[in-house]
Amino acid sequence: MGFAKARAIYIEGASALYRNTGLLNKAINTLPRHVIFGCALHVYAQNAFDPSTPALTLTRLQKLSADYRGLSPGRVAAQALLLRKLGFLDTRPASDRRQRILEPTDKMVIEDHRWLMTQLAPLGPLGLFHLTEAERSTPDFALAFRAAWAVTPDEVTDFVARHPTIGFFIMHDGGYSMLLELLREWQKNGSTRVAFDVVTTASAFCVSKSQLWNLLHAAQAQGLLKAEASAWRMITLNDRLLADFDAWFTEKMTGFAAAAMRARFFWADHRQK
């Protein structure tokens, strides 16, 4: 009962997180994008709690991000520019005139806290971690989480490699949102045969219809789902897809519970100083 409830909470919350949020999807909503977003916050959080650590610059962000599936400096620079346009990053002069300090704004920290609460919400029903009211309501807890959450590039790569089915979706623009929408329908109706609307989903998550067509065809070729009506209006989800999602979700939640506990102690320690 606990697992099914936790999974339902996660699917509903994660799907709603970026529905109808426009360009916010382009800033966060794939693994490579979130890596850049997360690296920026990790460096900023470490510096916020310990000013002796290096501040965030574009060069530092590019070096850190490059270790994750070879994100190119150009892609990182373009993503940093988008984050600035969205009001998530600001800049100020550095001591080295060739550099500028990048500073996540309150808006970025608040958005990260919103994301983090969605990830941690299922942990209660699973009995792995129970959020306090302060953690639930204070964006600074997200900074403590980022400072204490030191996931190496190899760990990320290995995690994705252990779950290639879900890895396929999280690496492609619109892929994970599409998967969550399909899983929402599955949970709602209790049937692996689900209705799906490509046009509505593409619009809601700021991706092209052709991108979703391509992802659906690729997923069908891998035996993960099957079209049951023209234009993908009805889809059958393969049992392997559901089992692989459960395995991915289980490992993800276990990792987040351990990281949340480290963040709790880290935050408490720094609040006492």
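## Confidence

The model is predicted. The protein chain has an average pLDDT of 93. At least 70 is reached by 98% of the residues.

Helix 2, residues 24-28, has the lowest mean pLDDT, at 88. Strand 5, residues 234-237, has the highest, at 98.

## The largest pocket

The largest pocket holds about 1,200 Å³ of space. Its lining counts 45 residues. Nearest the centre lie Leu31, His34, Trp149, Val156 and Phe256.

By residue class, the lining has 25 nonpolar, 11 polar and nine charged members.

## The second largest pocket

The second largest pocket has a volume of about 160 Å³. Its lining includes the charged residues Arg19, Glu181, Arg184, Glu185 and Asp197. Ala195, Phe196, Thr200, Thr201, Ala204 and Phe205 also line this pocket. Helix 12 and helix 13 (198-204) are the elements that give two or more residues to this lining.

The classes here are four nonpolar, two polar and five charged.

## Helix 4: Gln62

Gln62 sits in helix 4. Is Gln62 buried or exposed? Its relative accessible area is 18%, under the 20% cut-off, so Gln62 counts as buried.

One of its polar atoms lies 3.0 Å from the backbone oxygen of Pro73.

Val109 belongs to helix 6. It is buried, with a relative accessible area of 8%. Beyond residues up to four places away in sequence, Val109 touches Leu41, Tyr44, Pro139, Ala142 and Leu143. Leu126 lies 17 residues from Val109 along the chain, and their C-alpha atoms are separated by 26 Å.

Glu111 is also placed in helix 6. Which accessibility does Glu111 show? The value is 10%, and Glu111 counts as buried because the cut-off for burial is under 20%. Glu111 touches Tyr18, Leu24, Ile28 and Phe88, again leaving out residues up to four places away in sequence.

## Helix 15: Leu241

Leu241 is part of helix 15. Its relative accessibility is 0%, and Leu241 counts as buried.

Which residues does Leu241 contact, apart from neighbours within four places in sequence? They are Thr165, Phe169, Leu179 and Leu224. The C-alpha atoms of Leu241 and Leu224 are 5.4 Å apart in space. In sequence, Leu241 and Leu224 are 17 residues apart.

## Helix 8: Glu133

Glu133 lies in helix 8, residues 133-137. Its relative accessibility is 55%, over the 50% cut-off, so Glu133 counts as exposed. From Asp90, Glu133 is 43 residues away along the chain. The C-alpha atoms of Glu133 and Asp90 are separated by 30 Å.

## Positive phi in two loops

Asn20 is not a glycine, yet its phi is positive, at about 60 degrees. This residue lies in the loop between helix 1 and helix 2. Asn20 is exposed, with a relative accessible area of 60%.

Cys206 is a residue other than glycine with a positive phi, near 55 degrees. Where is Cys206 found? It is in the loop between helix 13 and helix 14 (209-221). Its relative accessible area is 27%, between the 20% and 50% cut-offs, so Cys206 counts as partly exposed.

Technical notes
Residues numbered from 1 in each chain as written. Predicted model: local features only at pLDDT ≥ 70, side-chain atom pairs only at ≥ 80, totals over all residues. Heavy atoms only, no water. 1 Å grid on protein atoms, 1.4 Å probe; cavity = no way out; pocket = protein on both sides within 12 Å on 5 of 7 lines; lining within 4 Å. Points joined across faces, edges and corners; volume = space filled by probe spheres on them. Helix = DSSP H or I, 4+ residues; strand = E, 2+ residues; numbered from the N terminus. pLDDT = per-residue confidence, 0-100. Buried < 20%, exposed > 50% of the residue type's maximum accessible area, 1.4 Å probe, protein only. Polar contact = N/O pair within 3.5 Å; in protein donor to acceptor, adjacent residues only side chain to side chain. Contact = heavy atoms within 4.5 Å.
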